[in-house]
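The exercises below are to be worked with the sequence and coordinates at hand. Each task is followed by a stepwise solution.

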Amino acid sequence: MMRTTTLYEAAGPRARARQRVFSVLSALAVVGLLAAIGVRLESTGQFDAEKWAIFWHWGTAKFLFDGLLATLEAAACSALGAFVLALPLALGRLSAHRGIRTLAGAYVELFRAVPLLLLILFMVIELPALGFDLPALGFLVVAMALHHGALTAEVVRAGILSLPRGQREAALALGMRPWQAMLHVVLPQALRNMLPALISSLLAIVQDTSLGYVIPYDELLHRSQDVSSYAPESLLQAAFVVTMGYGVVSALLLYVKRWVVRRQSRTVRSSGRAPDVHAATAETSGECVSLGGAPKA
Amino acid sequence: MESLPSFAWRFIQGMGVTIELSLLSFAMAFVLGVALTVMAVGPLAPLRWFAATYVEIMRMTPLLALLLLFVFGLPKLGFMYSLIASSVLVLGFYTAAWIAEVLRAGVNAVPPGQIEAARSIGMTFTQVLANVVIPQAVRTVIPPLGNLFVIQIKASSIAAAIGVFDITYTAQRINFETAQAVPTFASAMVAYMLLTVPLGMFMRRLEQKMAVAR
């Protein structure tokens with residue numbers, strides 16, 4: 001993952017000895033930090049068996065697991081909505097018609113400017129007033145789809161733009177209509193290239209479902225609060241278990257993403273295509289972030 | 001019934017809190033991010049491991065989960081911070097990971113040939129860093145950093161979930177009092193745009209100014 005830097009040259013024997021000393025010292029510092037945290041946890045009795053006992057009950061485990069399923073359900077629905085929305089928006093922004101371009105551009109700019117939490121709160125209040133009586137899941141999914149649709153549209157647009165122009169020009173020269181060139185030549189390649197960035201969007205969506213907590217939508221984070229109000233002494237433990245829940249899902253997605261990147265870089269090299277497209281989409285995926293977000297590069 | 005100017009004044013106060021949250025947390029994140037970057041590109045393996053693990057953990061945790069852990073969990077360990085301080089700390093810890101990633105990419109984007117050239121004419125490590133790497137790295141990281149700051153402004157809205165009176169929570173409260181959802185939330189949106197849009201324009205100008213032909 002890390003490129004070998006040339007910031008310093010390969011160390012000679014003396015420098016290596018010095019580095020070894022500093023390595024040990026820094027390792028001690030890191031271990032010391034972790035130990036300090038551990039001691040703090042121990043002295044407040046956080047490792048006590050009875051504080052963890054609640055999680056050994058089948059009921060609690062199932063309760064939290066159902067919360068995880070609710071999180072995944074919300075994420076899946078939101079992702080579906082966002083991706084369905086993103087494609088026409090991205091194509092709209094690249095359209096030859098000025099009107100469509102402006103409209104799609106205005107939508108994307110608007111929803112990128114509004115924090116997701118504000119949007120969720122607004123949906124919870126306004127949708128029932130308009131006569132849409134949805135379950136909590138519905139409010140969350142509508143807000144998430146609108147918000148992440150705009151963010152993902154930017155990823156898709158960047159993916160399309162990062163494809164060498166010659167591809168489309170060649171298709172047009174062969175006599176394809178613009179929409180044929182888009183459908184048969186540009187999109188298949190662009191979608192393939194932006195797959196890693198789309199997985200990052202998915203990761204952001206999964207994490208943002210935790211905002212359903214405020215509705216309240218009964219997802220994983222909310223259930224951890226339920227557990228800790230039922231058993232206040234196990235609050236930190238509940239938080240830890242739930243964070244692990246998000247962590248496992250996120251780790252899986254990151255793993256899939258790295259696998260895709262590795263696979264693609266292999267095929268790109270063998271077919272001799274410009275590898276730049278990955279860098280381009282990876283960079284723009286910086287836009288595609290959770291409300292808590294930052295680039296999931 | 002309160003008058004219109006008083007609502008406007010409350011939104012302006014909310015903007016002040018949002019600015020405070022995002023500026024303070026971003027400053028903290030920057031300092032932490034620089035430290036993490038130095039660890040990540042440095043020669044010491046334990047520190048590299050620490051920086052990588054830190055970034056990874058932050059990437060896998062939802063921000064709101066972190067905030068709730070901080071606000072409700074830390075008192076259990078005997079630490080207690082005000083709601084604003086907690087929000088700033090959590091936003092800072094969280095964004096530090098992203099800043100570290102951006103900075104590391106910036107350092108790695110400097111062509112190795114330049115560093116080799118600088119080393120071969122006899123510059124020391126610090127000279128290379130100060131005269132070759134950092135001036136160029138700054139140019140590549142300015143746009144993504146600006147981007148991160150805009151994101152930070154929006155992300156600071158999660159402080160509303162614990163009742164900090166930023167723009168989002170102000171909107172929520174005013175809506176409770178008046179039940180006028182559309183104008184209230186539209187004003188909140190305008191308030192956010194008043195912060196993010198000029199910033200975005202400024203960043204674009206800065207980008208053009210600092211762009212170098214490579």
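**Exercise 1.** At what angle do helix α3 (residues 58-93) of chain A and helix α9 (residues 195-208) of chain A pack, and how many Å apart are their axes? Classify the arrangement and describe the contact.

Solution. The model is a predicted one.
- Step 1: the angle between α3(A) and α9(A) is about 135°, and the axes are 9 Å apart.
- Step 2: angles over 145 degrees would count as roughly antiparallel and those from 65 to 115 as roughly perpendicular; α3(A) is therefore oblique to α9(A).
- Step 3: the two helices, α3(A) and α9(A), cross in a right-handed sense.
- Step 4: α3(A) contributes Ala75(A), Ser78(A), Ala79(A) and Ala82(A), which meet Leu202(A), Ile205(A) and Val206(A) of α9(A).
- Step 5: by class, this contact has six nonpolar residues, one polar and no charged.

**Exercise 2.** Describe the side of chain A that touches chain B.

Solution.
- Step 1: chain A gives 49 residues to the contact and chain B gives 54 residues.
- Step 2: in chain A, α1 (13-43), α5 (116-129) and α11 (235-271) each supply at least two residues of that side.
- Step 3: α11(A) has the largest share, nine residues.
- Step 4: the side of chain A that touches chain B comprises 30 nonpolar, 14 polar and five charged residues.
- Step 5: for the complex, the predictor reports an ipTM of 0.87 and a pTM of 0.85.

**Exercise 3.** Where in chain B is confidence lowest, and where is it highest?

Solution.
- Step 1: the average pLDDT of chain B is 89, with 98% of the residues at 70 or above.
- Step 2: the lowest mean, 86, belongs to helix α5 (residues 112-120) of chain B, and the highest, 93, to helix α4 (residues 83-108) of chain B.

Key:
Residues are numbered from 1 along each chain as its sequence is written. Chains are lettered from A and ligands numbered from 1 in the order in which they are written. This is a predicted model: local features need pLDDT of at least 70, side-chain atom pairs count only at pLDDT 80 or more; totals for chains, interfaces and linings use all residues. pLDDT is the predictor's confidence in each residue, from 0 to 100. Helices (H or I, at least four residues) and strands (E, at least two) are DSSP runs, numbered from the N terminus. Two residues are in contact if their C-beta atoms, placed from the backbone, lie within 7 Å. Ala, Val, Leu, Ile, Met, Phe, Trp, Tyr, Cys and Pro count as nonpolar, Asp, Glu, Lys and Arg as charged, and the others, Gly among them, as polar. Axes are lines fitted to C-alpha atoms, for helices over the stretch in contact, and angles run from 0 to 180 degrees between N-to-C directions. Angles under 35 degrees count as roughly parallel, over 145 as roughly antiparallel, 65 to 115 as roughly perpendicular and the rest as oblique. A crossing is left-handed if the near helix is turned anticlockwise from the far one by less than a right angle, and right-handed if clockwise.
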